[in-house]
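Visitor: I am new to this structure and would like a short tour. Could you show it to me and begin with any term I shall need?

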Amino acid sequence: MTGAPRLAALLGALVLAIAGAGCGLGAGSGTGGVTVTVTRDFGAGRLGERTTASVPGSETVMRLLQREFKVGTRYGGGFVESIDGLAGTGDGVRRADWFYYVNGVEAETGAADVGVNAGDRIWWDRHDWGATMRVPAVVGSFPEPFVHGTGGRRFPVVLACAPGADVACAAVGERLKALGVPAARGVLGTGAGAKTVRVLVGPWSAVRDDGSARGIAEGPAASGVYARIDAGGRRITTLDTRGRAVRRLGPGSGLVAATRLEQQQPTWVVTGTDDAGVRAAAGAFTAGALRDRFALAVAGGGGRIPLPEATR
């Protein structure tokens, strides 16, 4: 349509304007309200959580962890080997190590080199990385990164919804509004970038062609999301920690996941096999449902399945 480029340009201008209003949070005299969560096995077991009212302005993720937990390191103190006695493993069959996320974004730099900003939610998890070494974004630190952003800077949020997903879109929008997060309305397939956090809402058949969401169909090695969705969007296959299929979810099933391409901000996907599935996923767009989850599937009957799915 001839109006599409103009609409995209106007959206881009709006996003840049909002971004310009964002504020950076420097080291300064100190930060507060910082939470450190420690879990194992993709959030399946919580080992501890500390919330610090005030930390020095020069604080790093590593020093904060060492202040709150017993930490063993190697490689000159730059690599976390163990937390409270739980160490990484490498037996030739299974390899598990400690990884950390700040406001739902996987760190790309050593913890000793990353500063702490006000409101940060820092999440350490020890897990098997046999299926993929990288999980670039997770949903388990909700309401981050929407409230405080990343790197001490809050970014504009764009809510891009598929036609016909009005009920689910409104539910997600209201949740963001209740958090004090204004969300500009966007168009699916536009607006991704280094200065925008996006939330895509709609059935998989509508969101699958988005550049950021596309990798979910290819499994964890491509997206960090332990699920696959078939080409028609009618089945969601949950995967275990090794990337193996556990169960296939049909009509009425949904998925809440986050992913990230290169240096872009995260893209969240609230999707499903059909409209009912999208509404079910939107219903799980809450701190209670997403807490300590890397991603979350919702079965047609309403059951919520943490991803990767545990096997017995």
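Guide: One term comes before the rest: strands are DSSP runs of E with at least two residues, numbered from the N terminus. By that numbering, G254 has its place in strand β16. Please bear in mind that this is a predicted model.

Visitor: Is G254 buried or exposed?

Guide: G254 is buried, as its relative accessible area is 0%. Buried here stands for a relative accessible area under 20%.

Visitor: Which residues does G254 touch, apart from its neighbours within four places in sequence?

Guide: G254 is in contact with I236, T271, G272, G277, A281, L296, A297 and V298.

Visitor: Why would residues a few places apart point the same way?

Guide: An α-helix has 3.6 residues a turn, so residues three or four places apart point the same way.

Visitor: Let us step back. How many helices and strands are there in the protein?

Guide: The secondary structure comes to seven helices and 19 strands. The protein has 312 residues, and buried residues make up 51% of them. Among contacts with a separation of 6 or more, 63% are between residues 24 or more positions apart.

Visitor: Which residues of helix α2 are buried?

Guide: Helix α2 spans residues 61–68, and V61, M62, L64 and L65 are its buried residues. They cover an arc of only 165° around the axis, which puts them on the same side of α2. The buried residues of α2 pack against several strands, among them β1 (34–40), β2 (45–52) and β9 (121–128).

Visitor: Could you pick out a residue in β1?

Guide: V38 is placed in strand β1. At 1% relative accessibility, V38 counts as buried. Leaving aside neighbours within four places in sequence, the contacts of V38 include L65, F69, W98 and W124. L65 is also one of the buried residues of α2.

Visitor: How far apart are the C-alpha atoms of V38 and D125?

Guide: The two C-alpha atoms are separated by 5.9 Å, although V38 and D125 are 87 residues apart along the chain.

Visitor: A change of topic: how many disulfides does the structure hold?

Guide: It holds one disulfide. This disulfide joins C161 to C169, with an S to S distance of 2.0 Å. The link is right-handed, with 70° about the S-S bond. C161 and C169 are both buried.

Visitor: Which residues line the largest cavity?

Guide: Its lining consists of G224, V225, Y226, F294, A295, L307 and P308. By type, the lining divides into six nonpolar residues, one polar and no charged.

Visitor: Where is P308 placed?

Guide: P308 is in the segment after β19 (304–307). A cis peptide bond joins L307 and P308, with omega about 0°. Another cis peptide bond joins E144 and P145, with omega about 10°. P145 is found in the loop between β9 and β10 (157–161).

Visitor: Which residues have a positive phi here?

Guide: D84 is one of them, with phi near 50°, and E262 is another, with phi near 45°. D84 is in the loop between β4 and β5 (86–87), and at 45% relative accessibility D84 counts as partly exposed. E262 lies in the loop between β16 and β17, and at 70% relative accessibility E262 counts as exposed.

Technical notes: Residues numbered from 1 in each chain as written. Predicted model: local features only at pLDDT ≥ 70, side-chain atom pairs only at ≥ 80, totals over all residues. Heavy atoms only, no water. 1 Å grid on protein atoms, 1.4 Å probe; cavity = no way out; pocket = protein on both sides within 12 Å on 5 of 7 lines; lining within 4 Å. Nonpolar A, V, L, I, M, F, W, Y, C, P; charged D, E, K, R; others polar. Disulfide = S-S within 2.5 Å. Buried < 20%, exposed > 50% of the residue type's maximum accessible area, 1.4 Å probe, protein only. Helix = DSSP H or I, 4+ residues; strand = E, 2+ residues; numbered from the N terminus. Contact = heavy atoms within 4.5 Å. Arc of directions from axis to C-beta.
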